[in-house]
Amino acid sequence: MVRHPLVLTPTLLGRDGVLRAYTLVAADRPSLTLDAWLAETAPDAPGRDRLIDGTTGPLPARGLVGLIAPTGCLFAVFAYAVVEEAADGPVLDVRGPSLSAPMGGRMVPEGIDSAIDRVATELGCGQTRKRCW
């Protein structure tokens, strides 16, 4: 049997993706209710999931990014917002991530770092600040 590497695609999560992401985030934030999660994230969510590949239009200044396998399985999620607080330009403020890494290894954490770098580049942020939920 030939094993192919799993490709995780960074995706700006729409309303349905926000609902799916709750299951990952709730494990890291046990007191978080679904209603509170939707109030926190859904108002900013686009109508549908959208690839982050530079061809689907500009990213919003605030959003929720998921790493999705070709099967549709959501392996990780993080929130981001552009904040104007550095003298040399905007900062990408990242919350999370929450992840599911059933296969172990570095693939999911490396995918998260790569997605954060891609979002920061697309939004013109020279710095990134990461913090827990």
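Me: Is Cys125 buried or exposed?

Reply: This is a predicted model, and in it Cys125 counts as buried, at 11% relative accessibility.

Me: And Cys132, buried or exposed?

Reply: Cys132 is exposed, with a relative accessible area of 69%.

Me: How far is the sulfur of Cys125 from the closest cysteine sulfur?

Reply: The distance is 20 Å, and the closest cysteine sulfur is in Cys132. That is too far for a bond. Seen from Cys132, the closest cysteine sulfur is the one in Cys125, again at 20 Å.

Me: How many disulfides are there in the whole structure?

Reply: A search of the whole structure gives zero disulfides. For a disulfide, the two sulfur atoms would have to be within 2.5 Å.

Me: What is the relative accessible area of Leu92?

Reply: The value for Leu92 is 0%, so Leu92 is buried.

Me: How far apart are the C-alpha atoms of Leu92 and Thr121?

Reply: They are separated by 9.6 Å, while along the chain Leu92 and Thr121 are 29 residues apart.

Me: Changing topic to charges. How many salt bridges are there?

Reply: The whole structure has seven salt bridges. In general, side chains of opposite charge can pair when their charged atoms come close.

Me: Which residue does Arg29 pair with?

Reply: Arg29 forms a salt bridge with Glu40, and their closest N and O atoms are 3.1 Å apart. Arg29 sits in the loop between helix H1 (15–28) and helix H2 (34–41), whereas Glu40 is in helix H2, so the pair links distant parts of the chain, 11 residues apart.

Me: Are those two buried or exposed?

Reply: Arg29 and Glu40 are both buried.

Me: What does Arg62 pair with?

Reply: Arg62 forms a salt bridge with Asp44, and the closest N and O atoms are 2.3 Å apart. Arg62 is in strand S3 (residues 62–68) and Asp44 is in the loop between H2 and strand S2 (50–51). These distant parts of the chain are 18 residues apart.

Me: How accessible are Arg62 and Asp44?

Reply: Arg62 counts as partly exposed at 39% relative accessibility. Asp44 is also partly exposed, with a relative accessible area of 35%.

Me: H2 keeps coming up. Which of its residues are buried?

Reply: The buried residues of H2 are Trp37, Glu40 and Thr41. They cover an arc of only 80 degrees around the axis, which puts them on the same side of H2.

Me: Why do residues three or four places apart point the same way?

Reply: An α-helix has 3.6 residues a turn, so residues at that spacing point the same way.

Me: And which residues are exposed on the other side of H2?

Reply: Asp35 and Ala39 are exposed there.

Me: What do the buried residues of H2 pack against?

Reply: They pack against H1, S3 and S5.

Me: Last topic, the whole chain. How many helices and strands does it have?

Reply: The protein chain has three helices and six strands. Along the sequence, the pattern is β-α-α-β-β-β-β-α-β. The radius of gyration is 15 Å, close to the 14 Å from the globule rule for 133 residues, so the chain is as compact as a globular protein of that length.

Me: What share of the residues is buried?

Reply: Buried residues make up 40% of the 133 residues.

Technical notes. Residues are numbered from 1 along each chain as its sequence is written. This is a predicted model: local features need pLDDT of at least 70, side-chain atom pairs count only at pLDDT 80 or more; totals for chains, interfaces and linings use all residues. Side-chain values use heavy atoms; hydrogens and water are left out. A salt bridge is a side-chain nitrogen of Lys or Arg within 4 Å of a carboxyl oxygen of Asp or Glu. Helices (H or I, at least four residues) and strands (E, at least two) are DSSP runs, numbered from the N terminus. Buried means under 20% relative accessible area, exposed over 50%, partly exposed in between (1.4 Å probe, protein chains only). The arc is that of the directions from the helix axis to the C-beta atoms. Contact means heavy atoms within 4.5 Å. The radius of gyration is taken over C-alpha atoms; the globule rule is 2.2 Å times the number of residues to the power 0.38.
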